[in-house]
Amino acid sequence: MREIIKMILVLSVICLVAGLLLGTVKQATLSRIEEQVLICVQGPALNNVLKKFDNNPIADRQQFKVGKTDTQVTVFPAISKGYITGVAIEGFGKGYGGDIGVMVGFDLKKDELTGIGITTMKETPGIGTYISKNDFTEQFFEHPMSNLALKSQKGDIDAVSGATFSSKGAVDAVQKSVEIYTTLKPEILRSWKQTE
Amino acid sequence: MNRIWKEFSKGLWLELPPFRLLLGLCPVLAVTKTAYNGFGMGCAVIFVLTLSNLIISLVRKIIPPKVRIVCFIVITASLVVTVELLMQAFTYPLYQELGIFVPLIVVNCLILGRAEAFASRNPVHLSVADALGMGFGFTLSLTFLGGVREIFGYGTFFGRPFMWAEFKPFTFMVEAPGAFICLAMCLAAMNFITTWQSKRF
């Protein structure tokens, strides 16, 4: 009996100390990790999809609520000489191996895309991963908001050959971003200074 | 002092973990694509191994023998999660490279092996010396293996150009089979040196 009590006691104390330690470390590193993820995962894509900016889009990011739902969306602004020129919004679509995250840049004046960049994906290496290559992504450069679909679905985007599913996932993600952009546009224009 | 040196130095050659004891082979094969990755993994292991040996050796007298393995795993697991969080916070690119192999340090048999075989029976200073020796040996081996594979596979060393300009890298070396072949060659070389030494004396 004494042995059992001792076992329970020792194990509980060890687990308690471990739990407290982990909780403290998690709390202490939380904001830093969030920032690092943004810099290392979203950062490279942001620099490619936003044109003409002299601010730090990650530092100036803002959270918005989409419509009446509770989902929060982060909007990264491109600000040039104090005035907002465009924004980048990340959208997600279903890929072959999990969600595909796509950062989409928008030009606020012309209402067109300024480019896309893949942030996260788990596609098949050497097949699906080609959606992150220039041959695919450059089709979205200065693309209008309409006709954003694969050619097989009456749009004008060429799918990566052999990776239709991944291409469709990426296009879906872009469409999600466009949807979010259209709903949020009035709010975005209210939040940052414009040219006039 | 002599005893401490003995426990420390055995991890550097006589009981060099990946090449002699063949312990902790999973990260040895998986993350040594470049010298930097190997070095980073080694540092994470030094940190976890030293602290786990230290803590386990401190509490070795109050841990009931029947639940000792559970206690060891709780201790190493908390340390590994701490390392993972710190890595994410301060060296995120390295964390992206090492990926799943950081959390897998928990089940690295080197750590549990040292806890069970050494730290649970020896006083604190010897356990720490043992952990540091084993950790350094592990890091050196991983950096060496990573260096060899990086030099032949990419033509660079720690990210800097190393080979002559016309050198065509053997991409094979940075794929999974290259790891097995490199490891085998290291083992062969170590066995060769040992037999050669024992013949000489």
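A residue counts as buried when its relative accessible area is under 20%, and as exposed when that area is over 50%. Keep those two cut-offs in mind. This is a predicted model, and every value I give is computed from it.

Let me start with chain A as a whole. How much of chain A is buried? Buried residues account for 42% of its 196 residues.

Next, the fold. Chain A has 3 helices and 5 strands. Read from the N terminus, the order is α-β-β-β-β-β-α-α. The radius of gyration of chain A is 22 Å, well over the 16 Å that the globule rule gives for 196 residues, so the chain is more spread out than a compact globule. The C-alpha trace of chain A spans about 75 × 45 × 30 Å along its principal axes.

Contacts come next. Take the contacts in chain A between residues at least 6 apart in sequence: 52% of them join residues at least 24 apart.

Chain A has an accessible surface of about 11200 Å², and carbon and sulfur atoms hold 56% of it.

One residue of chain A deserves a stop: Lys185(A). Where does Lys185(A) sit? It belongs to helix α3, which covers residues 164-191 of chain A. Is Lys185(A) buried or exposed? Its relative accessibility is 19%, and the cut-off for buried is under 20%, so Lys185(A) counts as buried. Leaving aside residues up to four places away in sequence, Lys185(A) touches Leu108(A) and Asp111(A).

Last, the aromatic rings. How many aromatic pairs does the structure hold? Over all chains there are 13. One pair is Trp164(B) with Phe167(B): the ring centres are 5.4 Å apart and the planes stand at 75 degrees, so this pair is edge-to-face. The cut-off behind that word is an angle over 60 degrees.

Trp164(B) has 54% relative accessibility and counts as exposed, whereas Phe167(B) has a relative accessible area of 14% and is buried.

Chain B also has an aromatic cluster. Which residues form it? The members are Phe39(B), Phe157(B), Phe158(B) and Phe162(B).

To close, two points to take away. Chain A is more spread out than a compact globule, and Lys185(A), in helix α3, is buried. That is the end of my part.

How values were computed. Residues numbered from 1 in each chain as written. Chains lettered and ligands numbered in written order. Predicted model: local features only at pLDDT ≥ 70, side-chain atom pairs only at ≥ 80, totals over all residues. Heavy atoms only, no water. Helix = DSSP H or I, 4+ residues; strand = E, 2+ residues; numbered from the N terminus. Rg over C-alpha atoms; globule rule 2.2 N^0.38 Å. Buried < 20%, exposed > 50% of the residue type's maximum accessible area, 1.4 Å probe, protein only. Contact = heavy atoms within 4.5 Å. Areas by Shrake-Rupley, 256 points an atom, 1.4 Å probe, with all protein chains shown as cover. Phe/Tyr/Trp six-rings, centres within 6.5 Å; stacked < 30°, edge-to-face > 60°.
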